[in-house]
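Dear colleague,

Here is the structure I promised to pass on, with my notes below it. Please read them alongside the sequence.

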Amino acid sequence: MDNRLVMYLHGGSGNHGCEAIVNSTCHMIEELPKLLVTNSEKEDNFYSLAGLCDVLQERKIAEHFAAHVWYYAWRALFHDPESFMRYRFRDVLGKNLAPLYVSVGGDMYCYEISKKEAILANRTFCRAGAKTVLWGCSLEPELLKEPEVVEDMKRYALITPRESITFQALSEAGVTENVKFFPDPAFSLKPEETKMPENFPEGRTIGINISPMIVRYEKEPGITIQNYRKLIEHILRTSDNSVALIPHVIWKNNDDRLTLARLYQGYEENERVMLFSDQNCGQLKYVISKCRAFIGARTHATIAAYSGNVPTLVVGYSVKALGIARDLFGNEENYVLPVQTLQEPDALIRAYEWLMEREEEIRSHLCEIMPEYCGKAAQAGREIRTLWKQVTA
């Protein structure tokens with residue numbers, strides 16, 4: 001038996017939220033032998049994960065024609081959908097079976113295609129006799145009305161929901177014995193100092209993040225970009241604040257830089273507007289922590305802001321944003337602007353002004369609660385160490 005803890009369902013560090021989860025988790029359980037099975041070994045070794053854990057490229061069946069045909073035929077003939085998972089994770093199954101598997105894809109169940117992957121992977125590992133963990137997760141309450149999903153939740157040895165909406169939904173679905181609430185692991189991520197632009201005035205810069213994903217959730221075509229552009233114009237016209245455009249995901253089909261470039265058009269010669277280049281998760285957290293306020297779409301960009309005591313407005317679309325804001329402030333109203341509700345071009349300006357009117361109050365609140373909140377996130381590592389002792393005893 002290969003006595004390494006296996007982290008799986010990791011898309012690669014080009015999504016710096018995924019990177020932040022694995023990075024912070026590795027530091028929580030530093031003494032345990034760890035193997036990350038990843039969709040992109042190249043990305044993980046390029047950013048911050050090299051040296052924190054062993055990294056193994058998962059098998060991609062679509063890249064191997066003969067294997068794809070064989071497994072497709074097998075699956076169809078024997079009604080064995082897990083066969084694809086046995087191929088994908090073959091290097092950590094069978095002779096190389098590890099005793100504990102930790103799913104680090106926190107929102108895998110939020111999307112239909114990845115939900116199926118998560119269920120099949122969990123079933124495959126459990127059938128092989130291992131224990132599994134659903135780590136730092138968010139689940140839409142409606143999802144837990146599906147018997148297949150509830151059944152799958154009960155297979156996990158441990159589930160750590162990262163916000164109270166998911167925790168409550170699991171409880172109402174009867175999934176309680178294996179559930180323990182902890183904030184997202186990335187709240188405990190350590191910022192990494194990086195060189196800042198000379199024209200970045202610390203304490204007078206508004207950080208802005210937008211993603212192609214939230215644009216896809218808008219109800220009125222073009223309204224999201226229109227709101228963001230009007231917000232930038234408003235900041236420049238009514239204050240001496242600068243604007244920092246900060247990407248947090250750079251995947252080919254989901255690249256924040258493409259959307260941010262649209263916002264940057266026309267401001268290339270304006271020293272008060274900066275378009276940041278790609279950096280690792282710790283460096284991005286450092287940059288975001290230097291902002292006066294942050295307007296963000298990516299969950300882990302906003303987590304970097306919250307944990308840096310930066311007043312934050314989330315332009316969100318899912319339970320992740322709502323649940324985290326509710327836990328931090330008692331309610332999500334005014335702290336989350338659902339992109340689906342955008343109808344007027346100045347809605348984001350109004351939400352920004354509400355935030356800035358309460359800037360000092362919000363910052364003081366974050367300064368008060370964050371040490372304990374981030375500390376609780378880090379304590380989740382104890383649960384994994386306890387499980388590890390059980391499975392390796």
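Asn 309 has a relative accessibility of 23% and therefore counts as partly exposed, a class that lies between buried (under 20% relative accessible area) and exposed (over 50%), using a 1.4 Å probe and protein chains only. Please bear in mind that this is a predicted model, in which local features need pLDDT of at least 70 and side-chain atom pairs count only at pLDDT 80 or more, while totals for chains, interfaces and linings use all residues. Residues are numbered from 1 along each chain as its sequence is written, and side-chain values use heavy atoms, with hydrogens and water left out.

Asn 309 sits in the loop between α12 (299–307) and β13 (312–314), where helices (H or I, at least four residues) and strands (E, at least two) are DSSP runs numbered from the N terminus. Although Asn 309 is not a glycine, its phi is positive, near 65°. A positive phi, about 80°, is also found at Asn 334, again not a glycine, which lies in the loop between α13 (319–329) and α14 and is partly exposed at 33% relative accessibility.
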